[in-house]
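Reader: Could you walk me through this one, starting with the overall layout and then going into the packing?

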Amino acid sequence: MRTIQYTNQVSLVFPSRSANEAFARTAAAAFAAQLDPTLDELGDVKTAVSEAVTNAIVHAYPDTLGKVEVKLRLYPGNQLELIVRDWGVGIPDIEKARTPLFTTGNEERSGMGFTIMESFMDSVKIRSTPGKGTTVTMRKRFALRAGGKG
């Protein structure tokens, strides 16, 4: 089986400070702009990245500062892959964590992060090992525009 190679990639690594969520969201949108997205498509990317990074900041490192990595990759066919990784506490039960309204955060948390990611992306995969961290991989295919690349 041949692995499809990405055509472009960027990686960001930053401390799990809430101020960095806006940076990650904006950087992801700027990278996705290569695909000539609509404003709605850009909004989808920003929302999904925001949810994934916020999860890493709030849940992976509840009592400490840690590291968050965001990888953005472009694939042939106008496909964007977003990978958000942390090395935090991990998720003991991924299916439970994907349940709407479930949260390990405080009462201000809605528990809708994974549900929101799934509604804005074509696919969402979650891998996690308790005590070692979590990786969320999301993909979205963008419509080809007239005269656009892809």
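Author: What follows goes from the fold to a helix pair, the salt bridges and the nonpolar core. This is a predicted model, in which local features need pLDDT of at least 70 and side-chain atom pairs count only at pLDDT 80 or more, whereas totals for chains, interfaces and linings use all residues. Residues are numbered from 1 along each chain as its sequence is written, and side-chain values use heavy atoms, with hydrogens and water left out.

Reader: Fine. What does the secondary structure come to, and in which pattern?

Author: The protein has 4 helices and 5 strands, where helices (H or I, at least four residues) and strands (E, at least two) are DSSP runs numbered from the N terminus. Along the sequence the pattern reads β-α-α-β-β-α-α-β-β.

Reader: And how much of the protein counts as buried?

Author: Of its 150 residues, 43% count as buried, with buried meaning under 20% relative accessible area, exposed over 50% and partly exposed in between (1.4 Å probe, protein chains only). As for contacts, meaning heavy atoms within 4.5 Å, residues 24 or more positions apart account for 66% of those with a separation of 6 or more.

Reader: Now the helices: at what angle do α1 and α2 cross?

Author: The axes of α1 (residues 19–32) and α2 (residues 39–60) cross at roughly 145° and come within 8 Å; axes here are lines fitted to C-alpha atoms, for helices over the stretch in contact, and angles run from 0 to 180 degrees between N-to-C directions. The contact is made by E21, A24, R25, A28, A29 and A32 of α1 together with L42, V45, K46, V49, S50, V53, T54 and I57 of α2. These residues divide into 9 nonpolar, 2 polar and 3 charged, counting Ala, Val, Leu, Ile, Met, Phe, Trp, Tyr, Cys and Pro as nonpolar, Asp, Glu, Lys and Arg as charged, and the others, Gly among them, as polar.

Reader: You list E21 and R25 there; what meets between their side chains?

Author: The side chains of E21 and R25 meet in a salt bridge at 2.5 Å, N to O, the term meaning a side-chain nitrogen of Lys or Arg within 4 Å of a carboxyl oxygen of Asp or Glu. The two residues are 4 apart in helix α1, so about one helical turn separates them. E21 counts as buried at 13% relative accessibility, while R25, at 25%, counts as partly exposed.

Reader: How many salt bridges does that rule give, and which pairs link distant parts of the chain?

Author: The count comes to 4. One of them joins K140 and D44 at 3.3 Å, N to O, linking strand β5 (residues 133–141) to helix α2 across 96 residues. Both partners are buried, K140 with a relative accessible area of 9% and D44 with 16%. Another joins E81 and R139 at 3.1 Å, N to O, and this pair, 58 residues apart, links strand β3 (residues 79–86) to strand β5. Salt bridges that share partners join R73, E81 and R139 into one network.

Reader: Switching to the core, which residues touch the most other members?

Author: In the largest nonpolar core, which has 37 residues, those are V45, V53, V70, L80, L82 and M138; such a core is a set of buried Ala, Val, Leu, Ile, Met, Phe, Trp, Tyr and Cys residues joined through side-chain atoms within 4.5 Å. Helix α2 supplies the largest share, 9 residues.

Reader: What does L82 touch?

Author: Not counting residues up to four places away in sequence, L82 touches V45, V49, K71, L72, M121, V136, T137 and M138.
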